[in-house]
Structures are given as C-alpha cells and as structure tokens.
Amino acid sequence: MLISSGEVDRLSAISYNDQYQRAKEKQILVTSGPDYDRLKVISNRLIAQTGVFRDDTRQWKWQLTLINAPILNASCAPGGKITFYTGLIDQLNLSDDEVAAIMGHEIAHALREHGRERLSQAIAQNAVTNIALAAAGGYGSAINAANQAAQYILVLPNSRQNESEADAIGLELAARAGYNPQAAISVWQKMIKATKGKSPPEFLSTHPSGETRIEQLSELLPVVQPLYKEAVKPLGKKSS
Ligand SMILES: [Zn+2]
C-alpha cells in the first residue's frame with residue numbers, strides 16, 4: 001500500500017472533524033435524544049467486539065456522529081469514525097438489530113482498512129495528486145486534502161470481495177454483540193425496496209447490493225447463529 005495506516009487515520013480524522021463542524025454550523029448535528037442514545041449503545045456494544053479481529057482497536061479514537069438529514073447513508077471511516085444519518089433510521093424504520101447490521105458492516109470496512117486500499121489504488125493511478133504533498137504540508141490546505149482522500153476512502157464503491165468480507169465480519173460483530181444477525185438480510189431487503197421508483201440511496205452507490213449479497217449472507221447465518229445464542233443480549237431492544 002502506498003500510504004500508511006497512520007496517515008490514512010490522520011486524514012480521515014481531519015475530514016470527519018470538518019464534517020462534524022459543518023453539521024454543527026447547519027444545526028443538523030444530533031448529540032442527544034432517543035436516536036442518538038440508541039446508536040451510542042449499539043456502537044459501544046459492537047466496538048467492544050472489534051478486538052476479535054484486530055488487537056489495536058482499543059487505542060482507536062472511536063467517534064459517533066449522527067446527522068439529521070433525509071439521507072440513506074452510514075459509514076465508518078478509518079480509525080473508527082462512525083457517521084449515521086437519521087434518514088436511514090427513519091425511512092427504513094430500522095430495528096436495533098438492523099442498525100447493528102449496517103454499523104457492523106461499516107466497522108468491518110474500517111477494521112480491514114478497505115478505505116486505505118482504495119486510496120492507495122487512487123494514488124497508484126495518479127488520480128490523487130496533492131493528498132500526500134498537502135498532507136505533508138507541501139501545499140494546499142490539510143482539510144481539502146483530507147476531504148479529497150475521504151472521497152476515495154468512503155465515496156467510491158467497494159470491490160465485491162471487500163463487500164463480502166465486510167458482510168462476514170459485520171455479521172459476526174453483530175452476533176457477538178447480541179444483535180440478531182438475521183437482520184442483515186431484512187435490512188438489505190429494505191434497502192433494495194427503497195430503491196424502487198426512486199434514485200438509489202447513497203448507501204447503495206457505495207455498497208452495490210442485490211440477490212447475491214442476500215444469498216451469501218443467508219449461507220453465513222448458520223455460522224454466526226451460535227455466537228448470537230451465547231451472547232449477552234442488550235436490554236429493551238427496539239424492533240422495527
Ligand atoms: Zn460495504
């Protein structure tokens with residue numbers, strides 16, 4: 001890879017902070033209330049399980065941002081920077097299990113550094129010209145460089161292979177955290193339904209979906225069901 005983990009985390013943190021500040025200025029940042037509290041509980045439970053997949057996540061500076069906007073999207077930037085939009089929760093009427101399915105999948109991308117991979121590819125193809133230079137203080141503002149990097153890290157579609165990997169890890173994270181892994185299937189079905197007659201949700205442009213994904217998830221379910229059975233379940237789960 002052409003860019004270090006530490007550098008990708010640093011750029012992601014700058015871009016994430018910029019997004020946070022802009023949401024705050026627009027007064028669309030949600031920092032309390034039932035939706036925020038729900039997400040906080042779910043994210044904490046998932047984060048607590050990430051050590052199964054790599055041992056340095058305890059040192060990550062995990063953050064959660066909830067933005068009040070009619071956008072069907074969610075992400076987890078490198079280094080543990082989670083973003084959720086209220087539109088995704090409200091329009092798909094997500095249960096806690098379904099929130100955990102999406103969040104687990106996104107966290108999995110961060111754990112496996114898929115964003116770093118895509119940014120490295122962009123650098124290799126000379127698609128990214130000034131990130132490394134600007135990030136090193138060569139020229140341009142650090143925020144612009146970080147936001148350009150974030151386009152490659154978060155906005156370009158993932159490869160099918162990375163999507164399958166994120167599905168498998170996400171499923172296991174959710175199951176271990178006490179969320180029914182079956183919800184990964186219902187949430188993708190809802191997502192596909194939401195695309196009918198409208199332009200596809202933002203989430204689907206970065207996560208191409210379809211029957212193949214649902215089939216693969218169904219095949220993986222029996223593997224993680226025992227983990228879910230053994231897991232301590234959260235109290236007062238919200239159903240859809
Ligand atoms: Zn994905």
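Predicted model: local features only at pLDDT ≥ 70, side-chain atom pairs only at ≥ 80, totals over all residues.
View 1. Residues are numbered from 1 along each chain as its sequence is written, and side-chain values use heavy atoms, with hydrogens and water left out. The secondary structure comes to 11 helices and four strands, where helices (H or I, at least four residues) and strands (E, at least two) are DSSP runs numbered from the N terminus. Buried residues, meaning those under 20% relative accessible area with a 1.4 Å probe and protein chains only, make up 51% of the 240 residues.

**View 2. Helix H1 and its buried face.** Helix H1 (residues 5–25) has 21 residues and reaches 30 Å from its first C-alpha to its last, close to the 30 Å expected at 1.5 Å a residue; the expected span is 1.5 Å times one less than the number of residues. Among the buried residues of H1 are Val 8, Leu 11, Ser 15 and Gln 19. Seen down the axis, the buried residues of H1 fall within an arc of 155°, so they line one face of the helix; the arc is that of the directions from the helix axis to the C-beta atoms. An α-helix has 3.6 residues a turn, so residues three or four places apart point the same way.

**View 3. Helix H2 and what covers it.** In H2, the buried residues include Tyr 36, Leu 39, Ile 42 and Leu 46. What covers them includes strand E2 (63–67), strand E4 (81–85) and helix H8 (160–176), a contact being heavy atoms within 4.5 Å.

**View 4. Strand E2 between its pairing partners E1 and E4.** Two bridges join E1 to E2, which run antiparallel, whereas E2 and E4 pair in the parallel sense over five bridges; two strands pair if DSSP finds at least two bridges between them. Leu 29 stands opposite Ile 67 in E2, and Leu 66 stands opposite Phe 84 in E4. E2 is mostly covered, with four of its five residues buried.

Note on methods
Buried < 20%, exposed > 50% of the residue type's maximum accessible area, 1.4 Å probe, protein only.
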